[in-house]
Each structure stands twice: as structure tokens, then as C-alpha cells.
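Colleague: I'm new to this one, can you walk me through it?
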Amino acid sequence: MIELTAVVTGGTRGIGLSLAECLARRGASVAVTYRSDDCAAENARRAITPQLAAGRRLLALRGDAGDASAVAAQHREIRQALGPVNVLINNAGVMPPAAFEALSARDWDETLRINLSSAFYWCREVIPGMKALGFGRIVNIASIAARGGGVIGPHYAASKAGMLGLTRYGARELGPFGITLNAIAPAFIEEAGVFAGISEERREALASKTVVGRIGRVGDVVRAFEYLLESPFVTGVCLDVNGGAFMI
Ligand SMILES: NC(=O)c1ccc[n+]([C@@H]2O[C@H](COP(=O)([O-])OP(=O)(O)OC[C@H]3O[C@@H](n4cnc5c(N)ncnc54)[C@H](OP(=O)(O)O)[C@@H]3O)[C@@H](O)[C@H]2O)c1
């Protein structure tokens, strides 16, 4: 059994935190990264630490996932403290809503940088170590917006669709080295990001967009991740965790 050493970008809140907790429960050492919210990072530390197995460790590192040099510095620190990374979840993301004509070039660049370039920077860092181990799992957290466009804006849809291209290309190149790359495309996850704390009315409106009659929970995303973690013969796919909303 391979000992897991995992990085979860944006692992201090929402979906990322639940994935980090899952990894801790499965015996991994875990590094979570975040951009600026030290309070959320402290809460994450309190939530994850009791779930770590004996001898396993947690790091919470502040820095911008969309900055290649910050990512390289974080990776160096993680390697030194925890050893080579064999699980990477590219989860950090932003979703500032803006329609075409309201979207500035700056917000376009910023969203692509944080949501998409960050995934490339992190992959580039961890792939050599995964190749040396002959094992790696990379999971990119995309969105329903990657498939159907979504409602946030062109910048968000393009950044998440870009992740799917990155996933498929990476699966092809890295499969021979025991490394799988897959994506999860969630929708309407109630405890996370823009959907945390929504009104009952909004919840019902969103639930009506699914065929299962409810919105998603972080546990739905965790279940999809665990399947990908355990599946050496599944690579280059995107699991749509959206209650069937994609079909409507
Ligand atoms: N919630 C949903 O229903 C939903 C649906 C589809 C897709 N997604 C995707 O799922 C992922 C997680 O979403 P969420 O709703 O769980 O988000 P969230 O609750 O808003 O948490 C976002 C996390 O990403 C971190 N982050 C943001 N910008 C960063 C940066 N530049 N560098 C490093 N870390 C950064 C945040 O750190 P700070 O707290 O320090 O800012 C935080 O830890 C995102 O990629 C999102 O697009 C979510």
C-alpha cells in the first residue's frame, strides 16, 4: 500500500477542505494551500488535524496558486517536510460573476491565472516526483460551466473548460508512468463558495435545475474523488457531479 502525500490547493474551505479531510482519514499527509484567509486556514487546521493517522502531518501554506514562483516555493517546502507528493487536487478557484460586456481584461486574466494556470504550475511541480514513484493521482476540480457554459461568465467557463483539455492531454502523456489525471465537474454544492448560506428560496430554485430534486453536498464531490483515487484504469475522464443538471 502506497503512503499518500497530498496537496489540495484551496484546501482551507468548502470543497477543498472536505477533500483534505477525506485524505487525512485515508492516512495521507496533507498540505493545503490558500490565498489569504488565515482564519479559515486555522479552522481547517483544527478540522483536519484530529483526522490524521499516527505519524502523518498537515501543512497549511499561504500563497497565490496562480503565481508560478509561489507554487515552486510551496512545493519545495512540502517536499522537505512531507516527502514527494503523489496526490494533487487542483481545487483553488475564484468565480467573480461578469457577463461579456462587463468583464475587464484584468478580470479575464486573473480568473484564467488562478483557475487554470495554477493547475498547470502545480502539475509541472509534482509530475517528476510522481514519475519517480511510478504512481500519481491528479484530480482537477472543474465545473458544470466547463460543459454547458454556466452563468458566472465567459472567463469562468473558459478557465474550467481549459482544465478539461489539460486533464485529457495529461492523461495521455502520463498514463505510461502510473499517473492518472481526471476532472470532477460539480454544480450547486451547498456548503461551498457562492452557494454557502443561500436562502431556502434560492436552494429550491437550484434544486429544480437537477433531476434528483436537491442541490449537491461536499460529500458528493468527495465520493467522486475517492473513486478516482482508487481507479488506476480510469484516466482522462470528467465526472459530472451535478444531480443530472447537465442533461436539462
Ligand atoms: N461551490 C460549488 O458549487 C462549485 C461548483 C462548481 C465548481 N466549483 C469549483 O470548486 C472549487 C472550490 O470551490 P469552493 O466553492 O469550495 O470555493 P471556496 O469555498 O470559495 O474556497 C476557495 C478556496 O480556494 C482558495 N483560493 C482562492 N484563490 C486562490 C489563489 N489565488 N491561490 C490559492 N488559493 C486560492 C481560497 O483561499 P482563501 O480562503 O484564502 O481565499 C479557498 O481555500 C473551485 O475551483 C470552484 O470553481 C465549485
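Modeller: Let's start with a term: a salt bridge here is a side-chain nitrogen of Lys or Arg within 4 Å of a carboxyl oxygen of Asp or Glu. The model is predicted, so local features need pLDDT of at least 70 and side-chain atom pairs pLDDT 80 or more, while totals for chains, interfaces and linings use all residues. Residues are numbered from 1 along each chain as its sequence is written, and side-chain values use heavy atoms, leaving out hydrogens and water.

Colleague: Okay, how many salt bridges are there?
Modeller: The count comes to 14 salt bridges. In one of them, the side chains of Glu226 and Arg26 meet with N and O 2.5 Å apart.

Colleague: Where do Glu226 and Arg26 sit in the chain?
Modeller: They are in distant parts, 200 residues apart: Glu226 is in helix H8, and Arg26 is in the loop between H1 and E2. Those labels are DSSP runs, with helices (H or I) of at least four residues and strands (E) of at least two, numbered from the N terminus.

Colleague: Which other residue does Arg26 form a salt bridge with?
Modeller: Glu230, and the closest N and O atoms are 2.5 Å apart there. Glu230 lies in the loop between H8 and strand E7 (238-241) and Arg26 in the one between H1 and E2, so this pair ties together parts 204 residues apart in sequence.

Colleague: Is Glu230 buried or exposed?
Modeller: Glu230 counts as exposed because its relative accessibility is 52%; the cut-offs are under 20% relative accessible area for buried, over 50% for exposed and partly exposed in between, with a 1.4 Å probe and protein chains only. Arg26, at 30%, is partly exposed, and Glu226 is partly exposed too, at 25%.

Colleague: Which residues are linked in a network of salt bridges?
Modeller: Glu190, Glu200, Arg203 and Arg217 are. Within it, Arg217 pairs with Glu190, the closest N and O atoms being 3.7 Å apart. Those two are 27 residues apart, with Arg217 in the loop between H7 and H8 and Glu190 in the loop between strand E6 (179-186) and H7.

Colleague: Switching topic: what's the volume of the largest pocket?
Modeller: About 1300 Å³. A pocket is an open set of points on a 1 Å grid over the protein atoms alone, where a 1.4 Å probe fits, with protein on both sides within 12 Å along at least five of seven lines; lining residues have an atom within 4 Å of a point. Volume is the space filled by probe spheres on those points, joined across faces, edges and corners.

Colleague: One more: where does Val211 lie?
Modeller: Val211 is in the loop between H7 and helix H8 (218-229). At 48% relative accessibility, Val211 is partly exposed.
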